[in-house]
Amino acid sequence: MDERIGGTSERDGRTVVVVGAGMAGVQTAVALREAGFTGQVTLIGAEPHQPYDRPPLSKAVLLGTAEGSAFDIDFDDLGVGLRLGCEVTGVRPADHEVDTEAGPVPYDVLVLATGAEPVALPGAEGVPGVHLLRTLDDAARLRPVLERRHDIVVVGAGWIGAEFATAAREAGCAVTVVEAAGRPLAGALPAEVVAPMTRWYAEAGVALLTGERVAAVTGESVVLASGRTLAADAVVVGIGARPATSALAGSGIEVGPDGAVVADDRLRTSAPGVYAVGDCASYPSARYGRRLLVHHWDNALQGPRTVAADITGGPKGAPAYDPVPYFWSEQFGRFVQYAGHHPAAATPLWRGDPDADDGWSVLWLRDGALAALLTVDRPRDLAQGRRLLASGVRLDPARAADPSVPLKAAAL
């Protein structure tokens, strides 16, 4: 018996291959061992680096206050085989094999944890000085740019654009953010909620240009469709990400219009014995009555437990995978957190005044119950709100809107 993998006097003869060595892939390997799986586990990663966490890339790693963010996991002790620097080029479910640059890898059970890849700026590929921020190598290339305090143009005022602009300003760079939409976070939050957040750019000394599209990028400048030219020693592109599923072409595994693997409520794909977890997969949410594609760290942390439970056959009666989505962002000196999924037609309920209070929150109610909340420097609201979201209890709107009343005390 191998005590490292735990368990029983009879070893499971199956091999589980996990494609992707980010948070979702690593946590799948860990969850399998924690669930008592005693068979072989192989983790395949395209990057040559020891598996690492991504959130620090736009913060500590980028600013040079940390050399890396490798997971504190002893894979040998865990009994997990690593195949790093190994690109997966295809999947053949009928043959139970994954194709890689180094040859085929057989599996009994396959877990797709390929994550997401950044969307490139058209016409900017290969232009000197244009950067993405998704990998450890990306952060390593950008660190000296910040150290030299260059003039930087950030394309995209989403979460990653704001986080990078924050780090660049902290490093002493001159930063201009260009956003094609009329406001930051246009695809994520309503205009009235984004309005106070927009002011943070100017307060941090960041020039924000909205309603501006990039027409061309040279090695020294960014030309906007309006005709304006911005000097740029470096350009950082943060205009979104899409599921990294191109290797599934021809596999027969169902992929949705959004490019994500279509998974069920146990994160099983259309191919027997194949699962998908994290940024590369969408799943049906009974909680919100729609299919969700969640590109956030917490989803990559939680999904592996459902996959491991299904692979190991227990526990029986385990609930469907339907967590309350959650993410956070540190930007311009604020800690922003969001939980849930707000209905498009819902009216925000303010809890605090962004013009007067250091911290504030916004709630969205659906049929009297909390559907989502955004908090700015109010971590207690977020912690209590996540529990209220999970329970589905109705709230007293008047008490919920009073920032002096604990949010949990608004439950009816």
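Is helix 1 mostly covered or mostly exposed, and how many of its 12 residues are buried? Helix 1 is mostly covered, with 11 of its 12 residues buried; here buried means under 20% relative accessible area, exposed over 50% and partly exposed in between, with a 1.4 Å probe and protein chains only. Helices (H or I, at least four residues) and strands (E, at least two) are DSSP runs numbered from the N terminus. The model is predicted, so local features need pLDDT of at least 70 and side-chain atom pairs count only at pLDDT 80 or more, while totals for chains, interfaces and linings use all residues. Residues are numbered from 1 along each chain as its sequence is written, and side-chain values use heavy atoms, with hydrogens and water left out.

The buried residues of helix 1 include Met23, Val26, Val30 and Arg33. They pack against strand 1, strand 2, helix 3, strand 3 (80-84), strand 7 and helix 7. Just after helix 1, Gly36 has a positive phi of about 95°.

A closer look at one neighbour follows. The axes of helix 1 and helix 7 come within 8 Å and cross at roughly 35°, the axes being lines fitted to C-alpha atoms over the stretch in contact, with angles from 0 to 180 degrees between N-to-C directions. On the helix 1 side, the contact (heavy atoms within 4.5 Å) is made by Met23, Ala24, Gln27, Thr28, Ala31 and Leu32. Among the helix 7 partners are Trp297, Leu301, Arg305 and Ile311. The contact residues divide into 11 nonpolar, 2 polar and 1 charged; Ala, Val, Leu, Ile, Met, Phe, Trp, Tyr, Cys and Pro count as nonpolar, Asp, Glu, Lys and Arg as charged, and the others, Gly among them, as polar.

The largest nonpolar core has 47 residues, and Val16, Val111, Ile311 and Leu373 have the most contacts inside it. Such a core is a set of buried Ala, Val, Leu, Ile, Met, Phe, Trp, Tyr and Cys residues joined through side-chain atoms within 4.5 Å. Helix 1 gives the largest share of this core, 7 residues. Residues up to four places away in sequence aside, Val16 touches Leu32, Val111 and Ile311, among others. Another core, of 44 residues, lies apart from it and includes Trp200 and Trp360.
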